[in-house]
Amino acid sequence: MNILVINGPNLNMLGIREPELYGKSDYAALVALVEETCAREGIGVELFQSNHEGAIVDKIQEAYGKKDGIVINPAAYTHTSVAILDALKAVALPAVEVHISDVSCREDFRQVSYPGMACIRTFMGLGLEGYCHAILYLKEYLEHREK
């Protein structure tokens with residue numbers, strides 16, 4: 001099993017940007033957590049972070065035929081990117097959306113997730129641990145789909 005974990009804009013600023021919302025752990029801690037979780041579960045993982053919408057779309061498209069699924073935190077593009085939604089729909093890989101904060105309790109403009117419309121599940125408000133939940137959920141989904 002081989003997955004792609006995508007992180008959108010400003011996630012590279014974890015630990016600096018609004019720590020009251022996103023925590024004090026930095027991006028390196030997130031990468032380590034994802035890699036440790038995947039290693040423990042026997043999952044191959046590629047991590048990708050970009051502040052650029054087109055780069056995220058390109059990475060999703062590159063996953064076609066190479067990855068079994070995607071975990072994605074589109075960050076600010078959650079609320080604006082039909083392009084990311086369309087890319088997820090085009091590759092038709094099972095995708096799980098994750099958000100560090102609970103976006104459902106935030107500003108009105110954060111209440112719509114375009115990429116989430118192509119995802120099988122969303123985890124939010126669990127901090128970095130949300131990534132672990134998303135990875136484990138995707139693994140279980142993929143294992144049951146293969147049977």
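This is a predicted model: local features need pLDDT of at least 70, side-chain atom pairs count only at pLDDT 80 or more; totals for chains, interfaces and linings use all residues.

**Entry 1**

I began with Thr78, which counts as buried because its relative accessibility is 1%; buried means under 20% relative accessible area, exposed over 50%, and partly exposed in between, with a 1.4 Å probe and protein chains only. Residues are numbered from 1 along each chain as its sequence is written, and side-chain values use heavy atoms, with hydrogens and water left out.

I found Thr78 in the loop between β3 (69-73) and α4. Helices (H or I, at least four residues) and strands (E, at least two) are DSSP runs numbered from the N terminus. The side chain of Thr78 reaches the backbone oxygen of Ala75 at 2.6 Å. Which residues is Thr78 in contact with, leaving aside neighbours within four places in sequence? I noted Glu97, His99, Val112, Ser113, Tyr114 and Pro115, where contact means heavy atoms within 4.5 Å.

Next I followed Ser113, in the loop between β4 (95-99) and β5 (121-124). Ser113 counts as buried because its relative accessibility is 19%. Its side chain makes a polar contact with the side chain of Glu97 at 2.5 Å. A polar contact is a pair of N or O atoms within 3.5 Å; within protein, one must be able to donate a hydrogen and the other to accept it, and residues adjacent in sequence count only if both atoms are side-chain atoms. I also saw the backbone nitrogen of Gly116 2.9 Å from a polar atom of the Ser113 side chain.

**Entry 2: the aromatic pair**

How many aromatic pairs does a search of the whole structure find? I got one. Phe123 and Tyr137 form this pair, edge-to-face, with 6.0 Å centre to centre and 65° between the planes. Rings of Phe, Tyr and Trp (its six-membered ring) pair if their centres lie within 6.5 Å; planes under 30 degrees apart count as stacked, over 60 as edge-to-face and the rest as tilted. The pair links distant parts of the chain, with Phe123 in strand β5 and Tyr137 in helix α5 (residues 129-146).

Are these two buried or partly exposed? Phe123 is buried at 8% relative accessibility, and Tyr137 is partly exposed at 28%.

**Entry 3: Glu41**

I then turned to Glu41 in helix α2 (residues 27-41). Glu41 is partly exposed, with a relative accessible area of 25%. A polar contact of 2.8 Å joins the side chains of Glu41 and Lys139. The C-alpha atoms of Glu41 and Tyr137 are separated by 12 Å, although the two are 96 residues apart along the chain.

**Entry 4: two helices**

Last, I looked at helix α3 (residues 53-63) and helix α4 (residues 82-91), whose axes come within 9 Å and cross at roughly 5°. Therefore α3 is roughly parallel to α4. Angles under 35 degrees count as roughly parallel, over 145 as roughly antiparallel, 65 to 115 as roughly perpendicular and the rest as oblique. The axes are lines fitted to C-alpha atoms, for helices over the stretch in contact, and angles run from 0 to 180 degrees between N-to-C directions. Glu53, Ile56, Val57, Ile60 and Gln61 in α3 meet Ala83, Ile84, Ala87, Leu88 and Val91 in α4.
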